[in-house]
Amino acid sequence: IVGIIMMMVGLALVFALSGCNDRLNIKWPFKPRDECLRCHVKKESAYARKQIHPPFLDRGACDSCHLSHGASNSLLLVQGGGKDLCFTCHQTTAVRFRKKVVHAPVAAGQCERCHDPHASDTRSFLRKAGNELCLECHADTVRTGLPRVHPPLVDGNCVDCHDPHASDQPRLLKASKEQLCLTCHDREALPKSHGGYPVGGRNCLSCHLPHSGTTDYLLRDQNHPPMKGKECDNCHAAVSATDPFSLPQLAPALCYNCHPDTETAFAKGRPHAPVQKGKCLDCHTPHNSPDKAMLRTTRGALCATCHETVAKKAGEEAVPHPPARSGACLECHQAHTSAEPNLLRANGKALCYRCHQEQEKRFSQGKPHDPVAAGECTACHAPHGSAEKAMLVKPGSEACLACHPDQDDPRSPH
């Protein structure tokens with residue numbers, strides 16, 4: 001028994017003093033990293049890269065990040081890995097990340113999403129060079145295949161404009177959108193290309209796209225004619241005025257100078273609330289837009305800025321009305337004014353039959369249901385979507401019993 005106890009004590013001492021952990025400054029015939037590489041042979045090639053993480057470069061520091069014998073995570077990482085591990089050394093970086101807008105991988109503590117923890121051929125141990133890394137996640141929003149591309153994007157320098165970790169500006173910008181462009185574009189030279197107007201320090205993104213586009217100067221696809229012709233004084237004060245960006249008139253009077261027909265049309269029927277209040281710029285942008293109607297954003301998203309509850313419901317219902325789900329609100333509604341309630345394009349069934357032509361043919365045969373005959377489709381169907389099949393306003397027989405309560409009587413023949 002004594003022999004067994006002595007053997008166990010000896011083994012415990014060996015495990016405590018040997019291998020990857022040299023915190024007690026015990027010098028062994030081998031270096032811990034060499035011992036690790038006996039099994040992790042694929043990591044040997046990482047030493048040929050240009051940038052090597054100092055703990056990995058140090059032949060005895062694998063245990064700076066990894067536990068030698070066991071952990072609750074598959075990579076045996078100290079503190080479970082992630083930012084908690086990285087911040088044990090990068091403490092000043094942790095403080096710098098405490099800003100209003102934090103890059104999603106940083107917020108999630110996933111440093112390794114962008115950085116290789118062992119070695120890399122790129123600066124800061126990035127997994128890929130230049131914009132190639134950024135475009136793994138942001139390819140949908142940053143389109144590089146268009147005819148005109150912003151030079152920093154061409155050069156692979158997203159970080160010229162964006163902080164990769166955290167910022168107090170929206171979209172991780174390195175400065176306010178009014179000041180960021182001036183880091184490359186000369187304020188004094190800008191009036192020459194803008195009809196003489198001193199645009200330096202203004203919101204460049206009200207006219208220009210930040211990444212890529214199809215038109216010269218990265219202007220948006222649709223441009224207000226006065227702006228396209230550099231006739232800014234059609235709407236603004238003259239360049240020589242004390243405040244050249246001031247407006248001699250406000251909307252809607254200013255807009256009606258060029259759009260008199262719309263003023264006449266808007267006086268008829270039931271106007272949309274912004275139209276009634278003369279707030280053209282609630283929906284339209286005065287300079288340029290991706291939309292031919294000069295809308296501030298895509299049509300469905302624009303409507304949702306005011307009609308948030310309807311948009312949310314249409315997006316969540318199990319059985320959605322396709323136009324409502326896709327944001328094609330103007331398939332059913334007018335944008336400015338209508339003779340029908342709720343700005344509908346037509347009355348009752350006439351509106352529904354524009355798409356549901358087969359139902360119109362079927363309903364014309366035989367005696368129709370009273371709501372069908374009256375054109376009251378919404379008596380039974382929800383116009384934006386429903387949790388029930390066929391977009392019914394109530395489940396199963398409840399929809400029928402709302403009008404036919406007597407049929408709920410057990411003595412009824414039904």
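1. In these notes a residue is called buried when its relative accessible area is under 20%, exposed when it is over 50%, and partly exposed in between. By that cut-off Asp-216, with a relative accessible area of 41%, is partly exposed. The model under discussion is a predicted one, and every value quoted here should be read with that in mind.

2. On the overall architecture, the secondary structure of the protein comprises 20 helices and 12 strands. Of its 414 residues, 26% count as buried, and the accessible surface comes to about 27,800 Å², with 57% of that area belonging to carbon and sulfur atoms. Among the contacts with a separation of 6 or more, 47% are between residues 24 or more positions apart.

3. The salt bridges number eight. One of them pairs Arg-148 with Asp-216, whose closest N and O atoms are 2.8 Å apart. This pair links distant parts of the chain, since Arg-148 sits in strand β4 (residues 148-149) while Asp-216 is in the loop between β6 (212-213) and β7 (222-223), 68 residues away. Like Asp-216, which is partly exposed, Arg-148 is partly exposed, at a relative accessible area of 35%.

4. Another salt bridge joins Asp-116 to Arg-127, with 3.7 Å between the closest N and O atoms. Asp-116 belongs to the loop between α6 (104-107) and β3 (119-120) and Arg-127 to the loop between β3 and α7 (130-138), so the bridge ties together parts that are 11 residues apart in sequence. The two partners fall into separate accessibility classes: Asp-116 is buried, with a relative accessible area of 15%, whereas Arg-127 is partly exposed, at 42%.

5. His-118 deserves a separate look. This residue lies in the loop between α6 and β3 and, at 16% relative accessibility, counts as buried. With neighbours within four places in sequence left aside, His-118 is in contact with Lys-43, Gln-51, Ile-52, His-53, Phe-56 and His-66.

6. The structure holds four aromatic pairs. In one of them, Tyr-47 and Phe-56 have ring centres 4.3 Å apart and planes at 20 degrees, so the pair is stacked; both of these residues are buried. In another, the rings of Tyr-197 and Phe-245 have their centres 5.8 Å apart and their planes at 50 degrees, so this pair is tilted.

7. Tyr-197 is buried, with a relative accessible area of 5%. Phe-245 has a charged neighbour as well, for Arg-202 lies over the face of its ring, at 3.9 Å from the ring centre.

8. In soluble globular proteins, nonpolar side chains tend to be buried together. The largest nonpolar core in this model has six residues, namely Leu-37, Ala-46, Tyr-47, Ile-52, Phe-56 and Ala-119. Its members thus include Tyr-47 and Phe-56, the two rings described above as stacked. Not counting residues up to four places away in sequence, Ala-119 touches Ala-46, Arg-49, Gln-51, Ile-52 and Phe-125.

9. A last point concerns Asn-342, which is placed in the loop between β11 (337-338) and α17 (349-352). Is this residue, Asn-342, buried or exposed? With a relative accessible area of 62%, Asn-342 is exposed. Asn-342 and Arg-270 are 72 residues apart in sequence, and their C-alpha atoms are 8.5 Å apart in space.

Notes: Residues are numbered from 1 along each chain as its sequence is written. This is a predicted model: local features need pLDDT of at least 70, side-chain atom pairs count only at pLDDT 80 or more; totals for chains, interfaces and linings use all residues. Side-chain values use heavy atoms; hydrogens and water are left out. A salt bridge is a side-chain nitrogen of Lys or Arg within 4 Å of a carboxyl oxygen of Asp or Glu. Helices (H or I, at least four residues) and strands (E, at least two) are DSSP runs, numbered from the N terminus. Buried means under 20% relative accessible area, exposed over 50%, partly exposed in between (1.4 Å probe, protein chains only). Contact means heavy atoms within 4.5 Å. Accessible areas come from the Shrake-Rupley method with a 1.4 Å probe; for residues, only the protein chains shown count as cover. Rings of Phe, Tyr and Trp (its six-membered ring) pair if their centres lie within 6.5 Å; planes under 30 degrees apart count as stacked, over 60 as edge-to-face and the rest as tilted. A charge sits over a ring if NZ of Lys or CZ of Arg is within 6 Å of the ring centre and within 35 degrees of the ring normal. A nonpolar core is a set of buried Ala, Val, Leu, Ile, Met, Phe, Trp, Tyr and Cys residues joined through side-chain atoms within 4.5 Å.
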